[in-house]
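This briefing is intended for a reader meeting the structure for the first time. Please view the sequence and the model together while reading the points below.

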Amino acid sequence: MTQEWWRDAVVYQVYVRSFADSDGDGIGDLPGVRSRLPYLADLGVDAIWLNPFYASPMADGGYDVADYRAVDPMFGSLEDAAGLIHDAHANGLRVIVDIVPNHSSDQHAWFRKGLRDRYIFRPGRGADGELPPNDWESVFGGPAWTRTPDGDWYLHLFAPEQPDLNWENPDVHAEFLDILRFWLDLGADGFRIDVAHGMVKAPGLPDVGHPNQNELLGEEPLPYFDQDGVHEIYRTWRMVLDEYPGDRMAVAEAWAPNAERTALYVRPDELHQAFNFHFLKAKWSASSFRTAIEEMLATKAPATWVLSNHDVHRHVTRYGDGEVGTRRARAAALLLLALPGSAYVYQGEELGLPEVLDLPDELLQDPVWERSGHTDRGRDGCRVPLPWASAGPSLGFSSGAGWLPQPEDWAKLSVAEQQTEPESMFSLYRAVLRLRRMLSFGEFEWLDLPEDVLGFRRGTFHCVVNLGTEPVRLTDAGRVLVASADHGVDDGVVTLPPDTAIWWS
Ligand code: GLC
Ligand code: MG
């Protein structure tokens, strides 16, 4: 039997709103994605994950779903979704859709009809119920409860427009099984499960006991995240996925406190993948990456590596200013794509896009900006539309302006500019993705190297990243396959400069 496709797949995350706009309204859409499938196939990824494109008032970029079986008109139609899936398959690409089971939109029919037993309503505390039922905080800032005109409160771990669903209600279970089937029937190859660690809350909804709880990757167990009960849900979901042919899969967005807790989501009768956010959060240091990698591999569970997504600052910017950040991001790409398991690439990462830090206040759309009382600028800076061309009103993203403006100097980062430039980030990703497909990998084993150099082998394949400040001499480097920057080769000895990675075999 050949191994399941997802085990070592490279999945490209498409933030639909910012990928490609087909109709000139400045908002990326499904026909836009469809028209760019040849680009993705040429880049050499195996699958795409589409951020939510469902009917939504867009209080949180579409993570507030009003109808789980409808495409929002701004993104296209259900026919467009089916056409996109069909064409993706014809281009050799699988399609993963986002599913948002922790909460719906407050415009969802259930909430509008006042079906309170499907959400989490509680009376308030205090003499007149004027205080929230407990001390939980919204991940976006402020209390996690909002009071309704009749005096009761409802829970929303995110924005007030995103009421949490009540997973103690069997109707909620049944509805989501049906939604899974709906998209599987349409041809989806899998699901990315939003807030996969959130659906089950500790019995009695106990207080946390202190403020500033919403550190997503904190070590502290929280009564609203990573409760053991969620795993029962996934065992049922797995049965549905297994009813379908073709290795349908699911990947969990589960911010668990450590690798062991993360691994629980990918037990053989549960989900297939869970993002390794400890790897994403690693600092630019060998020890930081080594710990994240080691802890994950020690669990023996399938590993899923990721450096950027639509919720965090782009890693070019996280790793350093200007040139330094880009240089490190090139090295990080070689690391990401050399590790055993699957890797996720966020759109624009292959272009080396930086975080846009200076969007005008009045254009910011992420609810984090308002809810943090204008102290946190939120996540719009990694959601700026892609530059496809070196000229035009939105650099080829749309025929008009895009929903967020691109920095002026993005013309030189455009797909058009980079495709013909052998030294570009795009060319590096493309070359490395091709190599990855051709190589065969053996057992993972760390190499014995200086402290700030990270290196491992997988059979005859080797990957070394110099995260230190001094060049490192590699005396036994064999045939160099690819390097992220210039390096010296003399008589079989490779000199690897700082912030550089190399593959050899
Ligand atoms: C996940 C999504 C994020 C969204 C949140 C609430 O973390 O990735 O974009 O805001 O869930 O749905
Ligand atoms: Mg559009």
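Along the chain, the donors of the magnesium ion (ligand 2) follow the spacing D-x1-D-x1-D-x1-I-x1-D. The model described here is predicted.

**The magnesium site**

- The protein donors of the magnesium ion (ligand 2) are Asp21, Asp23, Asp25 and Asp29, each through OD, together with Ile27 through O.
- These donors lie 2.2 to 2.3 Å from the magnesium ion.
- Aspartate 21 has a relative accessibility of 9% and therefore counts as buried.
- Aspartate 23, by contrast, counts as partly exposed because its relative accessibility is 49%.

- In the side chain of arginine 192, an N or O atom is 2.9 Å from an oxygen atom of ligand 1.
- Aspartate 194 places a polar side-chain atom 2.8 Å from an oxygen atom of ligand 1.
- For aspartate 311, the distance from a polar side-chain atom to an oxygen atom of ligand 1 is 2.4 Å.
- The protein buries 98% of the 310 Å² that ligand 1 exposes when taken alone.

**Cysteines**

- The count of disulfides comes to 0.
- Cysteine 382 has a relative accessible area of 1%, so this residue is classed as buried.
- Cysteine 463 is also buried, because its relative accessibility is 0%.

**Backbone angles with a positive phi**

- Most residues other than glycine have a negative phi.
- Methionine 58, which is not a glycine, has a positive phi near 60°.
- The position of methionine 58 is in the loop between β3 (54-55) and β4 (67-71), and its relative accessibility of 14% is the reason that it counts as buried.
- Asparagine 212 also has a positive phi, of about 55°, although it is not a glycine.
- The loop between β9 and α6 holds asparagine 212, and this residue counts as exposed because its relative accessibility is 66%.

- Aspartate 98 belongs to strand β5, which covers residues 94-99.
- With a relative accessible area of 1%, aspartate 98 falls under the 20% limit and is therefore buried.
- The side chains of aspartate 98 and tryptophan 49 are joined by a polar contact of 3.0 Å.
- Aspartate 499 is located in the loop between β20 (493-496) and β21 (500-504).
- At a relative accessibility of 10%, aspartate 499 likewise counts as buried.
- Between the side chains of aspartate 499 and arginine 328 there is a polar contact of 3.1 Å.

**Exposed and partly exposed positions**

- Aspartate 207 is found in the loop between β9 (190-193) and α6 (230-243).
- The relative accessible area of aspartate 207 is 39%, so the residue is partly exposed.
- Aspartate 207 and tyrosine 224 are 17 residues apart in sequence, and their C-alpha atoms are 9.9 Å apart in space.
- Threonine 475 sits in the loop between β17 (472-474) and β18 (480-483).
- Threonine 475 counts as exposed because its relative accessibility, 56%, is over 50%.
- From threonine 475 to glycine 492, 17 residues apart along the chain, the C-alpha separation is 6.7 Å.
- Histidine 89 is part of helix α3 (residues 78-90).
- A relative accessible area of 35% places histidine 89 in the partly exposed class.
- Histidine 89 and glycine 488 are 399 residues apart along the chain, and 42 Å separates their C-alpha atoms.

Conventions. Residues numbered from 1 in each chain as written. Chains lettered and ligands numbered in written order. Predicted model: local features only at pLDDT ≥ 70, side-chain atom pairs only at ≥ 80, totals over all residues. Heavy atoms only, no water. Polar contact = N/O pair within 3.5 Å; in protein donor to acceptor, adjacent residues only side chain to side chain. Areas by Shrake-Rupley, 256 points an atom, 1.4 Å probe, with all protein chains shown as cover. Disulfide = S-S within 2.5 Å. Buried < 20%, exposed > 50% of the residue type's maximum accessible area, 1.4 Å probe, protein only. Donors = N, O, S within 2.8 Å, 3.2 Å for Na, K, Ca; no water. Helix = DSSP H or I, 4+ residues; strand = E, 2+ residues; numbered from the N terminus.
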